[in-house]
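Dear colleague,

Please find below the structure that I am handing over to you. My notes on what was found in it follow directly after.

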Amino acid sequence: MNFSTANEQTIISGILHAMSITEKDLADDFREAISKTNRNGLPSAVWARRSDDLVDQFKQFYNIEVFHISRSRLWQIEPIFNRVTGDLYLLFTDTNLARVKRKYLSKGFSTHYLPSFLLKNSDLLPIEENMELLLFDKEAVKKNDWKRQKDIEKMIGKDAKNVKKVITVSVSYHENEAIAALLKEYTSDFELSKETDVSYMLKTTYSGDNIMVDKDTPSYESVQSLVTLKRSENISNK
């Protein structure tokens with residue numbers, strides 16, 4: 001993959017460094033500091049350690065910011081913002097991203113933060129349009145878009161207007177080792193617009209198949225433009 005800016009390569013490298021931290025890296029510390037007999041809280045501790053690692057990775061770059069956003073009393077997310085390009089990166093395991101996507105596509109809305117942020121990708125075109133979304137009530141979708149915009153403003157305040165595009169980074173694991181990673185750009189309706197495999201940037205000893213959960217399509221290096229209006233007209237005439 002050819003990165004468009006040095007910042008972009010730095011960001012992806014730093015994110016994958018943090019996402020390579022897993023339970024095996026914290027298990028001993030957790031047993032020593034928290035409990036020898038109970039692992040409750042270990043997954044959250046992993047994400048907390050990843051947060052610290054992200055800060056360490058990017059602290060020397062004034063134009064790369066790690067947001068620390070509380071979504072509940074028990075959960076916090078750490079999007080990474082490239083102030084040069086306006087790209088916002090969201091971090092996921094492949095299983096969690098697949099779960100969020102399924103829930104959204106089944107209802108057409110979600111209280112999860114990802115669909116809110118995807119409102120920023122309203123100009124992206126899908127590789128393959130999801131016909132189910134055409135059945136959603138337009139007024140309900142419009143109202144939900146207003147809620148999504150307010151959610152973005154609540155999460156990142158004045159920077160909401162500076163975000164130009166949202167990119168997900170999803171990582172697949174095998175026996176607590178990061179083995180594959182994809183950059184995905186979804187439309188505001190959660191349809192895949194672009195996908196890039198960056199697994200080669202991971203330091204892994206795994207030699208099996210890098211099969212990710214709910215992989216949308218084969219890897220794409222560029223966006224495939226589609227003419228969607230014609231399809232919509234054909235549907236309305238049936």
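A residue is called buried under 20% relative accessible area, exposed over 50%, and partly exposed in between. Ala48, at 43% relative accessibility, therefore counts as partly exposed. Please bear in mind throughout that this is a predicted model.

Ala48 belongs to helix α3, which covers residues 42–58. Between Ala48 and Gln76 there are 8.4 Å from C-alpha to C-alpha, although the two are 28 residues apart in sequence.

The largest nonpolar core comprises 26 residues, and Leu88, Leu90, Leu114, Phe117, Ile156 and Phe190 have the most contacts inside it. At least two residues of this core come from each of β5, α4, α5 and α6; α4 gives the most, with four. In soluble globular proteins, nonpolar side chains tend to be buried together.

Helix α4 (residues 94–107) also holds Lys103, which counts as exposed because its relative accessibility is 53%. On the surface, Lys103 gathers with Arg99, Arg102 and Lys107 in a patch of positive charge.

There are eight salt bridges in the structure. Glu65, Arg83 and Asp159 are linked in a network of them: the closest N and O atoms of Glu65 and Arg83 are 2.4 Å apart, while Asp159 meets Arg83 at 2.8 Å, N to O. Asp159 counts as buried, at 5% relative accessibility, whereas Arg83, at 34%, counts as partly exposed.

Another salt bridge joins the side chains of Lys184 and Glu195 (4.0 Å, N to O). Lys184 lies in strand β7 and Glu195 in strand β8, so this pair ties together parts eleven residues apart in sequence.

Yours sincerely

Conventions:
Residues are numbered from 1 along each chain as its sequence is written. This is a predicted model: local features need pLDDT of at least 70, side-chain atom pairs count only at pLDDT 80 or more; totals for chains, interfaces and linings use all residues. Side-chain values use heavy atoms; hydrogens and water are left out. Patches are made of residues with over 30% relative accessible area and no salt bridge: like charges are joined within 9 Å, nonpolar side chains (Val, Leu, Ile, Met, Phe, Trp, Tyr) within 5 Å. Accessible areas come from the Shrake-Rupley method with a 1.4 Å probe; for residues, only the protein chains shown count as cover. Lys and Arg count as positive and Asp and Glu as negative; His and the chain ends are not counted. The place of a charge is taken as NZ of Lys, CZ of Arg, CG of Asp or CD of Glu. Buried means under 20% relative accessible area, exposed over 50%, partly exposed in between (1.4 Å probe, protein chains only). A nonpolar core is a set of buried Ala, Val, Leu, Ile, Met, Phe, Trp, Tyr and Cys residues joined through side-chain atoms within 4.5 Å.
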